[in-house]
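Please open the model in your viewer and keep the selection tool at hand. The tour below goes from stop to stop, saying at each one what to select and what is there.

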Amino acid sequence: MCTLTMSASIPALKPAQCVDSVCPSATPYQYAVFFFGLYLIALGTGGIKPCVSSFGADQFDDTDPEERVKKGSFFNWFYFSINIGALISSSLIVWIQDNAGWGIGFGIPAVFMGIAIVSFFSGSYLYRFQKPGGSPVTRMCQVLVASCHKWNLTVPSDSSHLYETSDKSSAIEGSRKLLHTDELKCLDKAAVVSEAESKTGDYSNSWKLCTVTQVEELKILIRMFPIWATGIVFSAVYAQMSTMFVEQGMVMDTSIGSFTIPAASLSTFDVISVIFWVPVYDKVLVPIARKVTGQGRGFSELQRMGIGLFISVFCMAAAAVVEIKRLQLARELGLVDENVAVPMSIFWQIPQYFLLGAAEVFTFIGQLEFFYDQSPDAMRSLCSALSLLTTALGNYLSSFILTVVTSLTTRGGNPGWIPDNLNKGHLDYFYWLLAGLSFANMVVYVFCAKIFKSKKAS
């Protein structure tokens, strides 16, 4: 943030001012400094996001029933605080950048990041620390290499003959021992003690012999993979908020009297929806669900994510209905061949943003809980990173779907579903396609959730 602030404040680091309508281009050096700042933010975010939610949840004791329930609330209010920040940045900070300058607009977040660093370290004496157990990627590779190395060995029918440390604690620092499961027995070969190892008594080479706990870590990740994969389609739906929803809003009436609303600013209603739904979920829905399900958290993580996927179908359906009405109005007014806005208020988009915010509260927060609770103790940050990876892959999937749809629907000289002039297109068909994909994704998710087995710790 400091680099960006300097890039926007120091004359030598920012492009020369525009003269009338002529704006000089930035120099390669100025571009380099600016993008260096952006990539530093990406690097810092990669360090913060996967760790901050799991570190916060680590402050609650799983063995204490009261603290375990509070941990469920932590994820809700953690996500709530993120969206409060998003609301401030997309409104107040954007206004400052437009009216007071980019230097101040970048400088304010830089100051608050400094305050955040001081706040974080000032609480160090209060934190509960989980000792790092080494690289989880290395441990997974060791299991794969060891199982391939012992491919010809037979897995004993009695799992107690598989290798595990005799100590009460696991060989992996900061992790409890995991009980053996019968799935994916091919990986159990990594824990089979060979004749040579039995004779020498040397069990120290983890690339040839792994503990049952180490093998079960990889099994847990593989079992979570189908659940993780269904989050990619949801993220593709979520990506429409900053893409197709904006395109749709730009050909609607964005004025309120003499004031014009930027189409992209309507995403604020998604943030408002999240801010509304988090306390409603935590204070209203959870107590009601708790009485019905008997679970401390009201809904299980899998149930919560499933509800979010269900709501996402209605979100896309709502967007399609708005587009059908908009196109109908364009035809009635003879605006089909004109690339102009239709006199239909952009506020008709609010329901789709509101539904997307509700789906976000159920699915994204449910993912945070699920990947934290089901991940092995020493792999929680990695699993949190995997849940965040669905957002990136969802954006790529959204782009891929859009490319395929455009390619198929523009054949033979047709304008396609999403032409430059949306009044001639059928964006509603695209939304229905996403609604159908969301429904199919939900069906697959329900099947995967039913066969999913939770981890077992000893």
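A residue is called buried when its relative accessible area is under 20%, exposed when it is over 50%, and partly exposed in between, with a 1.4 Å probe and protein chains only. Select D270 to begin, since at 1% relative accessibility D270 counts as buried.

Before going further, note that this is a predicted model, in which local features need pLDDT of at least 70 and side-chain atom pairs count only at pLDDT 80 or more, while totals for chains, interfaces and linings use all residues. Residues are numbered from 1 along each chain as its sequence is written, and side-chain values use heavy atoms, with hydrogens and water left out.

**The whole chain**

Zoom out to see the chain, which has 14 helices and four strands; helices (H or I, at least four residues) and strands (E, at least two) are DSSP runs, numbered from the N terminus. Taken along the principal axes, the C-alpha atoms of the chain fill a box of roughly 85 × 50 × 50 Å. Of the 458 residues in the chain, 43% are buried. Contact here means heavy atoms within 4.5 Å, and of the contacts in the chain with a separation of 6 or more, 79% are accounted for by residues 24 or more positions apart.

**Around D270**

Return to D270, which lies in helix α10, and show what surrounds it: leaving aside neighbours within four places in sequence, D270 is in contact with Y238, M241, Y353, L356, G357 and E360. With L356 also selected, the C-alpha to C-alpha distance from D270 is 6.6 Å, although the two are 86 residues apart in sequence.

**Helices α3 and α10**

Next, colour helix α3 (residues 65-99) and helix α10 (residues 268-293), which pack at an angle of about 165° with their axes 8 Å apart. Axes are lines fitted to C-alpha atoms, for helices over the stretch in contact, and angles run from 0 to 180 degrees between N-to-C directions. The packing angle therefore makes α3 roughly antiparallel to α10, given that angles under 35 degrees count as roughly parallel, over 145 as roughly antiparallel, 65 to 115 as roughly perpendicular and the rest as oblique. The crossing of α3 and α10 is left-handed, a term used if the near helix is turned anticlockwise from the far one by less than a right angle, and right-handed if clockwise. Among the residues that make the contact are W77, F80 and L87 of α3, together with V271, I275 and Y281 of α10. The residues of this contact between α3 and α10 divide into 14 nonpolar, five polar and three charged, where Ala, Val, Leu, Ile, Met, Phe, Trp, Tyr, Cys and Pro count as nonpolar, Asp, Glu, Lys and Arg as charged, and the others, Gly among them, as polar.

**Helices α11 and α14**

Now select helix α11 (residues 301-332) and α14, whose axes come within 8 Å and cross at roughly 165°. That angle makes α11 roughly antiparallel to α14, and α11 passes α14 in a left-handed crossing. The residues of their contact divide into 21 nonpolar, five polar and three charged.

Stay on helix α14 (residues 427-451) and pick out N441, which has its place there. Is N441 buried or exposed? At 8% relative accessibility, N441 counts as buried, and, leaving aside neighbours within four places in sequence, N441 is in contact with T230, V233, F234 and L309.

**The nonpolar core**

Which residues have the most contacts inside the largest nonpolar core? They are I227, F245 and Y431, in a core of 84 residues; such a core is a set of buried Ala, Val, Leu, Ile, Met, Phe, Trp, Tyr and Cys residues joined through side-chain atoms within 4.5 Å. Centre the view on F245, whose contacts beyond four places in sequence include C315, M316, L356 and Y431.

**Two last stops**

Go to E217 in helix α8 (residues 212-238), which counts as buried at 1% relative accessibility. Not counting residues up to four places away in sequence, E217 touches R139, I172, S175, L178, P376, A378 and M379.

Finish at L184, in the loop between α5 (136-149) and α6 (185-188), where phi is near 50°, a positive value in a residue other than glycine. Most residues other than glycine have a negative phi. L184 is partly exposed, with a relative accessible area of 32%.
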